[in-house]
Amino acid sequence: MRQKLQNIKNEALAMIMQTSDREELENIRIQYLGKSGYLNEIAKQLKDLELSDRIEAGKIFNDVKFAISSALEPKLKIENCKLKIDLDPTLPGTHPPVGHLHPVTQAIEEISSIFEKIGFSRVRYPEADWDWYVFESLNMPPGHPARDTLETFFIDAPVHPKLGQMVLTTHTSNGQVREMERVGKPPVRMINIAKCYRRQSDISHTVMFHQFEGLVIDSGISIPHLRGTIDYFIHHFFGPDRKSRLRPFHFQFTEPSFEVDITCDICLGKGCRLCKEGWLELGGAGMVHPNVLKAGKIDPDEFTGFAFGWGVERTFMMKSGVKIDDLRLLYGNDIRFLNQF
Ligand code: PHE
């Protein structure tokens, strides 16, 4: 019995050593360890032995069984795990999806580069700023009704003794006096693009949006400079077919003030079902109010300037070919929508 078991063990271990074939290994398992395999046959015979022989043979039996299964199982496991890879090197590869910048980011980059070509420098100022920069220095003292139109978010933070309460910027005009302070002495030629916040949400408003604000201050700056700059921008951003007009308006921080209109991209100014009169409103503009120059420590007798401030999203939506009927879609993060731009 002892000899028989030793022979089985040697034979099995030799076979296991010689192969790495999954099927052969499986056969060895069935042959030696299977239900009607060699070892089970022997186990049956063990019963008939004398007690003392049975104890001794039982020990050897267990050793042999353990030796075979510990040589076989790990090897079988490895072979079972090996994936069969069918590789066809001639198949074309899969292309990873290519993303692109958000349409608003694209518009911001385009706007900056148009203005940079005519000598404007892109700047950025805080998007949470003091009352002084957002309102008071812009000729809107505390309690002034013009503040109400701006639907402001106030920040629950300590009030600054001179600059007042902190707010989320309702427009990029907070950059006007900040830029005058930074530059010190004209010329000033900034394009300030930043996030703005107002308590409004509907098809043409989102609580967070972007504005770009132009400010030019120098000696002898007048309305024709403003017109020329606006026309230059409109032709480069919207195309040479679109025209602009300045319509009298009111802002506290410019005098005179205008709203800038652009001809509708569908009818090019003739008037159609969409625009009614042929014109669409772009945003505000005007000549910098003397009080604002004073707030920025610039002498209004020596220098004059113009400013304009428009919504980036609105301006982008007026580009010909862009048809978005709800501004909120821009911030819905729906990849199917964003992929179109
Ligand atoms: N800040 C104004 C607004 O948000 C726009 C504006 C900017 C008007 C500069 C005049 C000059 O509506």
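Modeller: We will go through the pockets, then the ligand, then some backbone details. This is a predicted model, where local features need pLDDT of at least 70, side-chain atom pairs count only at pLDDT 80 or more, and totals for chains, interfaces and linings use all residues. Residues are numbered from 1 along each chain as its sequence is written, and side-chain values use heavy atoms, with hydrogens and water left out.

Biologist: Thanks! What volume does the largest pocket have?

Modeller: Rolling a probe the size of a water molecule over the atoms shows where empty space is left. A pocket here is an open set of points, on a 1 Å grid over the protein atoms alone, where a 1.4 Å probe fits, with protein on both sides within 12 Å along at least five of seven lines. Grid points are joined across faces, edges and corners, and the volume is the space filled by probe spheres set on the points. For the largest pocket, that gives about 820 Å³.

Biologist: Which element gives the largest share of the lining of the largest pocket?

Modeller: Lining residues have an atom within 4 Å of a point, and the largest pocket has 36 of them. Helices (H or I, at least four residues) and strands (E, at least two) are DSSP runs, numbered from the N terminus. Elements giving two or more residues to this lining include strand S5 (208-218), strand S9 (304-311) and helix H10 (312-317). The largest share, six residues, comes from S8.

Biologist: How many charged residues are in the lining of the second largest pocket?

Modeller: The second largest pocket has a volume of about 540 Å³, and Leu274, Leu280, Met317, Met318 and Ile324 are the closest to its centre among its 20 lining residues. Asp, Glu, Lys and Arg count as charged; Ala, Val, Leu, Ile, Met, Phe, Trp, Tyr, Cys and Pro as nonpolar; and the others, Gly among them, as polar. This lining has eleven nonpolar residues, one polar residue and, as for charged ones, eight.

Biologist: Now the ligand. Which space does the ligand take?

Modeller: A molecule sits in a pocket if more than half of its atoms lie within 2 Å of the pocket's grid points. By that rule, the space taken by the ligand is the largest pocket.

Biologist: Which side chain has an N or O atom 2.9 Å from a nitrogen atom of the ligand?

Modeller: The ligand is surrounded by 14 residues (a heavy atom within 4 Å). A polar contact is a pair of N or O atoms within 3.5 Å. His171 has a side-chain N or O atom 3.0 Å from a ligand nitrogen, and Gln211 has one 3.0 Å from a ligand oxygen. At 2.9 Å from a ligand nitrogen, the side chain is that of Ser173.

Biologist: What percentage of the ligand's exposed area does the protein bury?

Modeller: Accessible areas come from the Shrake-Rupley method with a 1.4 Å probe. Taken alone, the ligand exposes 320 Å², and the part of this that the protein buries is 91%.

Biologist: Last one, on the backbone. Which residue is joined to Pro256 by a cis peptide bond?

Modeller: Most peptide bonds are trans. A cis bond joins Pro186 and Pro187, with omega about 10 degrees, and Pro187 is in the loop between helix H7 (174-183) and strand S4 (188-197). Pro256 is found in strand S7. With omega about -5 degrees, its cis partner is Glu255.

Key. Polar contact = N/O pair within 3.5 Å; in protein donor to acceptor, adjacent residues only side chain to side chain.
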